[in-house]
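Let's take a walk through this structure together, with an eye on rings, charges and helices. Have your viewer ready, and we will go one stop at a time.

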Amino acid sequence: MLSPRWSENKWKLAHSFGTIYGVEEAQAMLEVLNNWAPTCGARVKEFEQRFAEYVGAEHAIATSSWVGAAHLAAIVMDIQPGDEIIVPAITFHASANIFVREGAKIVFTESDPRTFNLDPTKLEEKITPSTKAVITVHMCGQPCDMDSILEIARRHNLIVIQDAAHAPGAEYHGKKLGGMGDFAFYSFQQSKNMSTLGEGGMVVTNNDEWAEKMQKLRSHGGGEYAGINPRMPDVQGAVGVIQLARVERHNAIRRKLAYTLNELLADVEGIATPYEIPDVKHVYHLYNTLVDEKALGTTRDKFIEALWEKEQIKAITQYDPTVNCLPAYKAMGHGEGECPVSEKTASRIVTLPLCPRFNESDMDELVEGVKRVIGDW
Ligand SMILES: Cc1ncc(COP(=O)(O)O)c(C=O)c1O
């Protein structure tokens, strides 16, 4: 279903609305309404079972958001004052926030300037006797180098958490990501590759004990624990079942459009297209380019401004500043110079609009607009 606002505003809306809904979702919602719209009922259970199977994990627990999922895991991890958690500098700050709230000290590590993912070659130097966990974020939908990260983490007895908010359906060496590591958290917020009515999340794990505890914690702790309530309502679970059935197709469209953009932008000086590591399935939640201001003949920000003013193409800068340079983290003693490679990389990122509503001719239109703006300098 295309909203009537789409055609006038597609280059802007594409950043905010990552999926497509159809009549099947509406029918599924109606069925739940006819059953008095319970919270966390049979349709959530079905969504959890199918999701666990899809991502290759033993257990999946649906929640109100990624943060709700991460909160359950953070409680189970029993974070103590002084515990350190390693987080890549290039990510959305939610990756770190909940662990700060649970009392952890965040240690930022460098992201690879080509993939924007945690750089395993820089990880070990950040590990101390107080390190409890490492969070690895599959940025833009591209899997991290999980073999290297898991090898280092296992040697140091660390909990490995995957932030898979961008990556439902992504594959590493032919396998879906969910079962790798100790926990993986997904987001079904409106901009993501699949959504459950604008908000939603899932935590997956292979650990039976943790899964049982998180189930209880999600419902106030059942009197056994001081729990919380990030439950997912059944109406969202019903939509999740349908969205899950669509995600492979939507990811395939995203991948095809991304490869088209790579070809069309190949001869554009000053814009480097996304780099893909071998043997992964990148699901292109975001199409992040890297600009070279010298070759472009202007600054990154002026380029973005001109794209909007001259062509009404909305390009955005995300992850700049890096999380260590955000005011909340500066107040904790972090700041510029902590992860210089990531800070420099983030200052060059330009996210072009990409979503499964687009077709090949939209990509032609987009690149023609980009070329006209660059040709004008
Ligand atoms: C990398 C990453 N992690 C976590 C989140 C938080 O997800 P949610 O809004 O579902 O809590 C987001 C949301 O944009 C994200 O991009």
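This is a predicted model: local features need pLDDT of at least 70, side-chain atom pairs count only at pLDDT 80 or more; totals for chains, interfaces and linings use all residues.

Across the whole structure, a search turns up 12 aromatic pairs. Take Phe51 and Phe188: their ring centres are 5.6 Å apart and their planes stand at 75°, and since an angle over 60 degrees counts as edge-to-face, that is the label this pair receives. What does the pair tie together? Phe51 belongs to helix α3 (residues 42-55), while Phe188 sits in the loop between β8 (183-187) and β9 (201-205), so the contact joins parts that are 137 residues apart in sequence. Both Phe51 and Phe188 are buried.

For another geometry, turn to Phe183 and Trp210. Here the ring centres are 4.7 Å apart and the planes lie at 10°, so this pair is stacked. Phe183 is part of strand β8 and Trp210 is part of helix α7 (residues 208-218), so the pair ties together parts that are 27 residues apart in sequence. Is Phe183 buried or exposed? Its relative accessibility is 0%, and because anything under 20% is called buried, Phe183 falls in that class.

The charged end of Lys310 is placed over the ring of Trp377, 5.3 Å from the ring's centre. Arg357, in turn, lies over the face of Trp6, at 5.1 Å from the ring centre.

Next, bring up two helices, α2 (residues 23-34) and α8 (residues 234-265). Their axes come within 8 Å and cross at roughly 155°. Angles over 145 degrees count as roughly antiparallel, and therefore α2 and α8 are described that way. The crossing of α2 and α8 is right-handed. Which residues meet there? From α2 come Glu24, Glu25, Ala28, Met29 and Val32, and on the α8 side they meet Asp234, Val235, Ala238, Val239, Ile242, Gln243 and Arg246.

Our last stop is His285, found in the loop between β11 (280-281) and β12 (287-291). With a relative accessible area of 7%, His285 is buried. What does His285 touch? Leaving aside residues up to four places away in sequence, His285 touches Cys140, Gly141, His166, Ser191, Lys192, Asn193 and Arg254.

Methods
Residues are numbered from 1 along each chain as its sequence is written. Side-chain values use heavy atoms; hydrogens and water are left out. Rings of Phe, Tyr and Trp (its six-membered ring) pair if their centres lie within 6.5 Å; planes under 30 degrees apart count as stacked, over 60 as edge-to-face and the rest as tilted. Helices (H or I, at least four residues) and strands (E, at least two) are DSSP runs, numbered from the N terminus. Buried means under 20% relative accessible area, exposed over 50%, partly exposed in between (1.4 Å probe, protein chains only). A charge sits over a ring if NZ of Lys or CZ of Arg is within 6 Å of the ring centre and within 35 degrees of the ring normal. Axes are lines fitted to C-alpha atoms, for helices over the stretch in contact, and angles run from 0 to 180 degrees between N-to-C directions. Angles under 35 degrees count as roughly parallel, over 145 as roughly antiparallel, 65 to 115 as roughly perpendicular and the rest as oblique. A crossing is left-handed if the near helix is turned anticlockwise from the far one by less than a right angle, and right-handed if clockwise. Contact means heavy atoms within 4.5 Å.
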